[in-house]
Amino acid sequence: MGRFKELLEQKEYIILHGALGTELEFRGHDVSGKLWSAKYLLENPEYIKDIHKDYVRAGADLVTTSTYQATFEGLAEVGLLPAEAEELIRLTVDLAKEARDEVWAELSEAEKVQRTYPLISGDVGPYAAYLANGAEYTGDYGNISLSELKDFHRRRIQLLLEHGAELLALETIPNVLEAQALVELLVEDFPEAEAYISFTSQDGQSISDGTSIEKIAELVNSSEQILAVGLNCTAPSLYSAFLSQLREKTDKPFVTYPNSGEVYDGATQTWKEKADDSHSLLDNTLEWHKLGAKVVGGCCRTRPADITSLVAGLK
């Protein structure tokens, strides 16, 4: 049994690392273009490490690697050879480990006793992240096949696990075929890996491509390796309806890390509409906890201060 499964059994909450790309934006760094935050793995990795450190200081129990947009196909398009792309993906694990250990060294023994030594979570962003057209919120993947989706994800997952990721964050998944590919890939190629999977939804009744909650539950229940399931980068107002229906179909712990309620425009790569300030991240998380949320945090447009407030309120 891995540490992620142990924590799920022992802890009331596991606090997630927060947004990377939008935090880089908030700090004045340009994340336009298909690589988004991953371009700083090439230009200035210390920017990413600094954000990791701020989330660990805020109280995160998982440090998520900066591989959401770091795909072999996307890196090839900016001129990297496969061996160079491999080194970049390994670097993301190193940055996460270094950030964790440097902050951990700052803590007093009394502070360490009060906390979980953070796990390194390998971020497996969706095929949509490579497309960079907002497909995270539509699930429109065109004519790609199950085997092609497995091929897309396989090598990145292998590198993350080999280099020290303790679990996989299969996140922002909008498409049922991709979810099936990931579930099968874990069994076929990575039978020792632990993971959580989180989907996007636009209506609180289905995932983004229109697949029913019932079908998603069947898929997730078929996997012993997927230890938690839920939503991320979805408007806070949609969680309760989605999770209530999902709870009728599965007994797995839930994952909840919403965006701010703003809407992403893939064509212009900008956020539109106002943030949902009707409830705080803490208020929402406490409500979702009643439905079974255990792996909790914030996604796009949330910041280290939000995680600090969440930790203070929960722990």
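**Entry 1**

I began with A132, which has its place in the loop between α8 (127–131) and α9 (146–162). The model I am reading is predicted. I looked up the backbone here and found that phi of A132 is near 55°. That is a positive value in a residue other than glycine. I noted the background: most residues other than glycine have a negative phi. Is A132 buried or exposed? A132 has a relative accessible area of 17%. Buried means under 20%, so A132 counts as buried.

I then turned to C233. C233 is not a glycine, yet its phi is positive, about 45°. I found C233 in the loop between β6 and α12 (239–247). Its relative accessible area is 3%, so C233 is buried.

I stepped back to helix α8, where A129 is found. A129 is buried, with a relative accessible area of 0%. I also checked a distance from A129. E43 lies 86 residues away along the chain, and the two C-alpha atoms are separated by 20 Å.

Next I looked for aromatic rings. Y127, Y130, Y141 and F152 form one aromatic cluster.

**Entry 1: aromatic pairs**

How many aromatic pairs does the structure hold? I found 9. I wrote down how to describe one: by the distance of the centres and the angle of the planes.

I took F4 and Y196 to begin with. Their rings are 6.4 Å apart, centre to centre, with 50° between the planes, and the pair is tilted. F4 lies in helix α1 (residues 3–10), and Y196 lies in strand β5 (residues 195–199). These parts are 192 residues apart in sequence, so the pair ties them together. Both F4 and Y196 are buried.

Then I took W104 and Y117. This pair is edge-to-face, with 5.2 Å centre to centre and 75° between the planes. W104 is in helix α6, while Y117 is in the loop between α7 (109–113) and β3 (119–124). The two residues are 13 apart, and the pair links distant parts of the chain. I compared their accessibility. W104 has a relative accessible area of 14% and is buried. Y117 is partly exposed, at 31%.

**Entry 2: helix α6**

Which residues of α6 are buried? My list runs A85, E86, L88, I89, T92, V93, L95, A96, A99, R100, V103 and W104.

**Entry 3: T65**

T65 is in contact with T92, V93 and A96, among others. It also contacts I120, S121, G122, D123 and L160, leaving aside neighbours within four places in sequence. T65 itself is found in the loop between β2 (62–64) and α5 (72–77). At 1% relative accessible area, T65 is buried. T65 and E109 are 44 residues apart in sequence and 26 Å apart in space, C-alpha to C-alpha.

**Entry 4: α10 and α11**

I moved on to two helices. I reminded myself that two packed helices are described by the angle between their axes and the distance between the axes. The axes of α10 (residues 176–189) and α11 (residues 213–221) come within 10 Å and cross at roughly 10°. Angles under 35 degrees count as roughly parallel, so α10 is roughly parallel to α11.

Which residues meet? From α10 I noted V176, A179, Q180 and V183. From α11 I noted K215, I216 and L219. The residues of this contact divide into 5 nonpolar, 1 polar and 1 charged.

I followed the chain on from α11. E224 is found in the loop between α11 and β6 (226–232). Is E224 buried or exposed? Its relative accessible area is 77%, so E224 is exposed. E224 and A195 are 29 residues apart in sequence, and 9.5 Å apart in space, C-alpha to C-alpha.

My last stop was T285, found in helix α13 (residues 281–289). T285 counts as buried, at 0% relative accessibility. What does T285 touch? I listed Y13, V296, L310 and L314, not counting residues up to four places away in sequence.

Technical notes:
Residues are numbered from 1 along each chain as its sequence is written. This is a predicted model: local features need pLDDT of at least 70, side-chain atom pairs count only at pLDDT 80 or more; totals for chains, interfaces and linings use all residues. Side-chain values use heavy atoms; hydrogens and water are left out. Axes are lines fitted to C-alpha atoms, for helices over the stretch in contact, and angles run from 0 to 180 degrees between N-to-C directions. Helices (H or I, at least four residues) and strands (E, at least two) are DSSP runs, numbered from the N terminus. Angles under 35 degrees count as roughly parallel, over 145 as roughly antiparallel, 65 to 115 as roughly perpendicular and the rest as oblique. Contact means heavy atoms within 4.5 Å. Ala, Val, Leu, Ile, Met, Phe, Trp, Tyr, Cys and Pro count as nonpolar, Asp, Glu, Lys and Arg as charged, and the others, Gly among them, as polar. Buried means under 20% relative accessible area, exposed over 50%, partly exposed in between (1.4 Å probe, protein chains only). Rings of Phe, Tyr and Trp (its six-membered ring) pair if their centres lie within 6.5 Å; planes under 30 degrees apart count as stacked, over 60 as edge-to-face and the rest as tilted.
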